[in-house]
Amino acid sequence: MGLRRKNKSPAVLSHEFVTQNHADAVSCLAMGLLLGLMFEVTAKYVIIFITVQYNVTYATDDKSELVHFYEYGPKDIATIFFYMLIAIILHAVIQEYILDKINRRLHLSKTKHSKFNESGQLAFFYLFSFTWGASILTAVSKSNSTEASYDHNACVFQVKFFYICQIAYWLHALPELYFQKIRKEDIPRQLYYICLYIAHISGAYVLNLQRLGLILLVPHYLVELIFHASRLFYFSDENKQKGFTLWALLFVMTRLLTLTLSVLTFGFGLARVENPVFSIVDGNFNVLTVRISCLAAVCLTQAWMMWKFINFQLKKWREHTQNQIPRRKINNMKSKPTKKETNRANVVNGAVKLEDGASPRTRKSKAL
């Protein structure tokens, strides 16, 4: 009997070792931070990584109730770092226990395998974020009259924690390009939308535009959820393409909604309560220059997304028309009988037969 060859484990700190064991290393780091809460010496430092900082408490007019709000500051970087570790761990769990098992059943090619993993991860994230964001909007709209009387720089706990988790997730997507061995041709495309998410969400968080950002993110995440869910169904069965039609319709409507709300907010809403004194310490960014810059950034991003969308639709339309031309040629070739088939059809038992059933005339033999 021949000896079985054992799979050699990769060298420590090699490329294969890091990609295979990155989730274990990150989980150990996160566990170490959590264990730091058990000791009084380290708890005051570790608490910065885990809990939301910069709590501000206000008293109501009758001083019968305390209202808690949160601002932002440098300590939020530590909190974002910790939840970025949590996002890496959850990414690995979803990949190993859900997506990899489905991939084994579908037997996809390398290209479809990479796109399936990308859509699977993003579908989970968009579903969770859309549900969470919609619930926050519902809760904030009910208490909007209470919040309006307090500092515009502060936000409630759910809004701040939502933004911290959003920034942490999109930051974790950068090292995942390395951990998941993304193909080189796919890295630029993914880097574009990851950097756009980080820039826009961080900008809304720092410039105290959390409410506008939340209102724009919720419908956008719904549209992206429909697209990636449709792509997952398409990989399982290529005949299931109705979801892309719904996505195309909602995509255009969401772009128009985003532009309309942005123009109304920066052009009319914030202009009425403008404070001409620009101050980073006080958190006042409601000046004309900042508003125009924000509106220009939103409009350029929406124009770029529409340009990519139109090119995508034109590419699909060309592929569809090119696939239809060979089919028409094949159908035409099948419908036209060949000369051999017509001759065979007119010859019955060795005798030539005309279409009207008459017998052919016999030729007269010429005399020599």
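**Helix packing around H3**

In the contact between H2 and H3, residues Ile48, Phe49 and Ile50 of H2 meet Ala78, Thr79, Phe81, Phe82 and Tyr83 of H3. By class, these residues comprise seven nonpolar, one polar and no charged. The model is a predicted one, and the description that follows should be read as an account of that prediction.

Two packed helices are described by the angle between their axes and the distance between the axes. For helix H2 (residues 40-50) and H3, the axes come within 6 Å and cross at roughly 70°. An angle from 65 to 115 degrees counts as roughly perpendicular, and H2 and H3 are therefore roughly perpendicular to each other.

Ile47 also belongs to helix H2. Its relative accessibility is 33%, so Ile47 counts as partly exposed. Leaving aside neighbours within four places in sequence, Ile47 is in contact with Leu37 and Gln53. Thr79, one of the H3 residues that meet H2, is 32 residues from Ile47 in sequence, and the two C-alpha atoms are 8.9 Å apart in space.

Most residues other than glycine have a negative phi. Tyr54, by contrast, has a positive phi near 65° and is not a glycine. With a relative accessible area of 28%, Tyr54 is partly exposed.

Within H3 itself, Leu85 deserves attention. This residue counts as buried because its relative accessibility is 4%, and buried means under 20%. Apart from residues within four places in sequence, Leu85 is in contact with Val26, Leu29, Ala30 and Leu33. The C-alpha atoms of Leu85 and Ala23 are separated by 8.9 Å, although these residues lie 62 residues apart along the chain.

The next pair to consider is H3 with H4. The axes of helix H3 (residues 76-106) and helix H4 (residues 110-142) come within 10 Å and cross at roughly 135°. That angle makes H3 oblique to H4. The crossing of these two helices is right-handed. On the H3 side, the contact is made by His91, Ile94, Gln95, Ile98, Leu99, Ile102, Asn103 and Leu106, while H4 contributes His113, Phe116, Asn117, Gly120, Gln121 and Phe124. Sorted by class, the contact of H3 with H4 has seven nonpolar, seven polar and no charged residues.

Gln121 is found in helix H4 and has 7% relative accessibility, so it counts as buried. Not counting residues up to four places away in sequence, Gln121 touches His91, Ile94, Gln95, Leu99 and Tyr169.

In soluble globular proteins, nonpolar side chains tend to be buried together. Here, the largest nonpolar core has 57 residues, and those with the most contacts inside it are Tyr126, Tyr163, Trp170, Ile201 and Tyr221. Helix H6 (residues 157-179) gives the most to this core, with eleven residues. Trp170 is in contact with Leu122, Phe125, Tyr126, Tyr193, Ile194, Tyr197, Ile198, Ile201 and Tyr221, once its neighbours within four places in sequence are left aside. A second, separate core has eight residues, including Ile226, Ala248, Met305 and Phe309.

The loop between H6 and helix H7 (187-206) holds Lys181. Lys181 also has a positive phi, of about 55°, although it is not a glycine. Its relative accessible area is 45%, and Lys181 is therefore partly exposed.

The setting for these details is a protein with eleven helices and four strands. Of its 368 residues, 34% count as buried. Among contacts between residues at least 6 apart in sequence, 69% join residues at least 24 apart.

Notes. Residues numbered from 1 in each chain as written. Predicted model: local features only at pLDDT ≥ 70, side-chain atom pairs only at ≥ 80, totals over all residues. Heavy atoms only, no water. Axes fitted to C-alpha atoms, helices over the stretch in contact; angles between N-to-C directions. Parallel < 35°, antiparallel > 145°, perpendicular 65-115°, else oblique. Left-handed = near helix turned anticlockwise from the far one by under 90°. Contact = heavy atoms within 4.5 Å. Nonpolar A, V, L, I, M, F, W, Y, C, P; charged D, E, K, R; others polar. Core = buried A, V, L, I, M, F, W, Y, C linked by side-chain atoms within 4.5 Å. Buried < 20%, exposed > 50% of the residue type's maximum accessible area, 1.4 Å probe, protein only.
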